[in-house]
Amino acid sequence: MADDIDPTEMLDTTGLRCPLPVVKTEALLRRLPAGATLRVLADDPIALVDIPHFAREAGHACDRLGDESDAFVFLITVFGAQGGSN
């Protein structure tokens, strides 16, 4: 189950508003190798749509794990080649 995974990286975007949660998520994902996982916290209501949409459009899996301290929690699994070793 996705909430049992220990993420490779964590990103806290609480307090940031659209488009910054997605911009910061994209920047971090570009550095991660395939198979890595990224746990993202976001409290911008638009992130509920934007983060999963961005992740799927980029070819990654995205699961919403629930809420934590008034923030939404996402787990993104990186698929495909990223910039990890460039």
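**Entry 1: the β-α-β unit.** I started with the crossover: β1, helix α1 (residues 20-29) and β2 make a right-handed β-α-β unit. I am working from a predicted model. I then looked at how the two strands of the unit pair. Strand β1 (residues 9-12) and β2 run parallel, joined by 4 bridges. I picked out two positions in this pairing. L11 has V40 as its bridge partner in β2. D12 stands opposite L41 in β2.

**Entry 2: the whole chain.** I stepped back to the overall layout. I count 2 helices and 4 strands in the protein chain. Along the sequence, the pattern reads β-α-β-α-β-β. Of the 86 residues, 38% are buried. I also checked the contacts between residues at least 6 apart in sequence: 66% of them join residues at least 24 apart. The accessible surface of the chain is about 4900 Å². Carbon and sulfur atoms hold 52% of that surface.

**Entry 3: the sheet.** Next I asked in which order the strands of the sheet stand. The order is β1-β2-β4-β3, in an open sheet of 4 strands with mixed pairing. The edges belong to β1 and β3; each has a single partner strand, so one side of each lacks a neighbour in the sheet. From one strand to the next, the twist averages 20°.

**Entry 4: β2.** I wanted to know how many residues of β2 are buried. I then sorted them by direction. T37, R39 and L41 point one way. L38, V40 and A42 point the other way. Both sets are buried, R39 included.

I followed β2 to its other pairing. Strand β4 (residues 71-77) pairs with β2 in the antiparallel sense, over 6 bridges. As one example, L38 has I76 as its bridge partner in β4.

**Entry 5: the helices.** I listed the buried residues of α1: P21, V22, T25, L28 and L29. Why do they lie on the same side of α1? They cover an arc of only 130° around the axis, which puts them there. I looked for what covers these residues, and found β1, β2, α2 (47-57) and β4 among the elements that do.

I checked how α1 sits on the strands. It lies across β1, β2 and β4, and runs at about 160° to β1. The other helix, α2, also packs on the sheet, where it touches β2, β3 and β4. The direction of α2 makes about 5° with that of β4.

**Entry 6: the hairpin.** I moved on to β3 and β4. Strand β3 (residues 61-68) runs antiparallel to β4, with 7 bridges joining them. The two strands form a hairpin with 2 residues between them.

I took G66 as a probe of this pairing. G66 lies in β3, and its bridge partner in β4 is V73. Leaving out residues up to four places away in sequence, G66 touches A71, F72 and V73. Is G66 buried or partly exposed? Its relative accessible area is 21%, so I log G66 as partly exposed; the cut-off for buried is under 20%. I also took one distance back to β2. G66 and L41 are 25 residues apart in sequence, and their C-alpha atoms are 10.0 Å apart.

Entry 7: I opened with the general rule: most residues other than glycine have a negative phi, and most peptide bonds are trans. I then looked for exceptions.

In the loop between β3 and β4 I found S69. Its phi is near 50°, a positive value in a residue other than glycine. With a relative accessibility of 72%, S69 counts as exposed. D70 lies in the loop between β3 and β4 as well. The phi of D70 is near 65°, also positive and also in a residue other than glycine. At 76% relative accessibility, D70 counts as exposed too.

Which form does the bond from C18 to P19 take, cis or trans? It is cis, with omega near 10°. P19 lies in the loop between β1 and α1.

Conventions:
Residues are numbered from 1 along each chain as its sequence is written. This is a predicted model: local features need pLDDT of at least 70, side-chain atom pairs count only at pLDDT 80 or more; totals for chains, interfaces and linings use all residues. Side-chain values use heavy atoms; hydrogens and water are left out. Buried means under 20% relative accessible area, exposed over 50%, partly exposed in between (1.4 Å probe, protein chains only). Two strands pair if DSSP finds at least two bridges between them. A crossover is right-handed if, with the strands pointing away from the viewer, the path from the first strand over the helix to the second runs clockwise. Contact means heavy atoms within 4.5 Å. Accessible areas come from the Shrake-Rupley method with a 1.4 Å probe; for residues, only the protein chains shown count as cover. The arc is that of the directions from the helix axis to the C-beta atoms. Axes are lines fitted to C-alpha atoms, for helices over the stretch in contact, and angles run from 0 to 180 degrees between N-to-C directions.
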